[in-house]
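Dear colleague,

I am handing over the structure below for your use.

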Amino acid sequence: MSIRTDPLDLNIIISDRERRNGTLSIENTQLGVMLLHARGYVVLQGAIPESLVTELYARFKTMYKDNVQRLHAEGHRTRFIGEGENGHSVFWEKNSRFRIFPKLRGPFASPQVVRNSFAESILSETLGTDYYCKFVSSDTCAKGAITQAPHRDVDFYDEDTARGCYVNIALMHCGLHNGPTEVWPGGSHLWRSDKFFKFNLRPFGEDTANPAMEAFVSHLPSKKLELQPGDLLIRDPGMWHRGTPNQTDEPRTMMTIGYFRKDYYYEYGDPFFSIDEEIYKDLDPSVQELFAPFFNMDDWRYWKLRKSQAIRYLKRRQNLSAPLRIGIRWLAG
Ligand SMILES: O=C(O)CCC(=O)C(=O)O
């Protein structure tokens with residue numbers, strides 16, 4: 001009896017030869033690029049060595065525990081918690097989902113994590129060789145998290161290719177039992193915004209119920225993705241997806257890193273949540289290159305980021321005068 005494999009589970013298994021060379025073969029690069037383009041995602045199985053995943057996960061668990069304590073200390077009054085005095089990570093929590101931005105030190109700064117050599121050929125073919133990294137974060141789904149609304153993570157595209165790629169790295173078994181990411185496979189370059197807005201389907205915003213979108217996507221096939229520790233998922237942030245609940249007591253976690261084309265500014269996330277001047281200087285040159293636009297005053301992204309930071313800072317301040325509030329709204333566009 002033959003066992004049929006779901007084609008949506010078919011991905012790239014890195015061969016011994018590719019592992020020795022440290023890069024994907026031309027055939028696998030082409031397959032990866034096409035799957036990302038047409039299906040919206042591709043998984044590179046075993047892209048991160050086991051010893052590194054073990055170290056990442058151990059460090060992550062400490063950071064998570066620390067942050068849960070910080071959240072409790074705040075009496076859950078705030079959902080956004082900035083850098084602590086002891087070099088704590090920036091994070092926020094919504095409905096038992098944590099987005100934590102680790103500092104790029106130790107294993108988190110490894111080029112195998114931030115500039116993975118197997119993902120490189122797929123990313124540079126999709127985004128151009130001069131793509132940049134906007135943020136390094138993690139998605140943790142703890143017990144109590146609810147099913148998110150289906151959403152996309154990026155504006156609609158006018159052009160026929162993705163403007164960015166999200167990379168998720170599983171730090172543990174992210175299975176069907178502990179809150180898998182559900183995706184609606186498909187090339188997002190085919191989706192057009194006008195119908196969504198005209199029919200009030202609200203393509204963005206995962207944390208508020210979206211019955212119209214739920215009704216629509218219930219007519220489309222979806223897939224809950226399963227990742228083994230060290231698997232690396234590359235996905236188009238325009239592909240519909242959502243987080244699902246974790247029924248277990250152990251929070252499910254994976255890293256989430258955002259890469260973008262050099263001519264596109266992605267508002268979400270901030271590289272300075274993970275790096276500062278000092279950390280930047282210590283980074284491997286291949287990783288440093290990904291953040292260089294934010295340290296170069298001649299680069300437009302340097303100023304764009306400073307402007308967003310200033311607006312974010314001002315928005316958080318209470319008791320602003322009315323003219324200042326209007327000014328901020330105008331600046332934010
Ligand atoms: O954690 C996940 O599985 C997905 C989370 C997600 O899509 C989000 O928070 O935007």
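Strand β8 (residues 181-183) is joined to β11 by three bridges, and the two run antiparallel. Here two strands pair if DSSP finds at least two bridges between them; helices (H or I, at least four residues) and strands (E, at least two) are DSSP runs, numbered from the N terminus.

Two remarks on the source are needed. The model is predicted: local features need pLDDT of at least 70, side-chain atom pairs count only at pLDDT 80 or more, and totals for chains, interfaces and linings use all residues. Residues are numbered from 1 along each chain as its sequence is written.

The sheet. Strands β9, β8 and β11 form an open sheet of three strands in the order β9-β8-β11, with antiparallel pairing. β9 (223-224) and β11 are at the edges with a single partner strand each, so one side of each has no neighbour in the sheet. Strands of a sheet pair through backbone hydrogen bonds, either parallel or antiparallel.

The ligand. Around the ligand are Arg-97, Asp-139, Cys-141, Gln-148, Thr-181, Glu-206, His-241, Arg-242 and Gly-243, where a residue is near a molecule or strand if its C-beta atom, placed from the backbone, lies within 6 Å of it. Two or more residues of this shell are given by each of β6 (132-141) and β11 (241-243). β11 supplies the largest share, three residues. By type, the shell divides into one nonpolar, four polar and four charged residues; Ala, Val, Leu, Ile, Met, Phe, Trp, Tyr, Cys and Pro count as nonpolar, Asp, Glu, Lys and Arg as charged, and the others, Gly among them, as polar.

The chain as a whole. Its secondary structure comes to 11 helices and 12 strands. The radius of gyration is 20 Å, close to the 20 Å that the globule rule gives for 333 residues, so the chain is as compact as a globular protein of that length. That radius is taken over C-alpha atoms, and the rule is 2.2 Å times the number of residues to the power 0.38. Along the principal axes, the C-alpha atoms fill a box of roughly 70 × 50 × 45 Å.

The core. Of the 333 residues in the chain, 35% are buried. A residue is buried if 20 or more other C-beta atoms lie within 10 Å of its own, exposed if 12 or fewer, and partly exposed in between, with C-beta atoms placed from the backbone. The largest nonpolar core has 66 residues, and those with the most contacts inside it are Val-167 and Ile-234. Such a core is a set of buried Ala, Val, Leu, Ile, Met, Phe, Trp, Tyr and Cys residues joined through C-beta atoms within 7 Å.

Two loop residues. Asn-95 lies in the loop between β4 and β5 (97-101), and Ser-96 lies in the loop between β4 and β5 as well. Neither is glycine, yet phi is positive in both: about 50 degrees for Asn-95 and near 65 degrees for Ser-96. Most residues other than glycine have a negative phi. Asn-95 is partly exposed, with 15 other C-beta atoms within 10 Å, and Ser-96 is partly exposed with 16.

With kind regards
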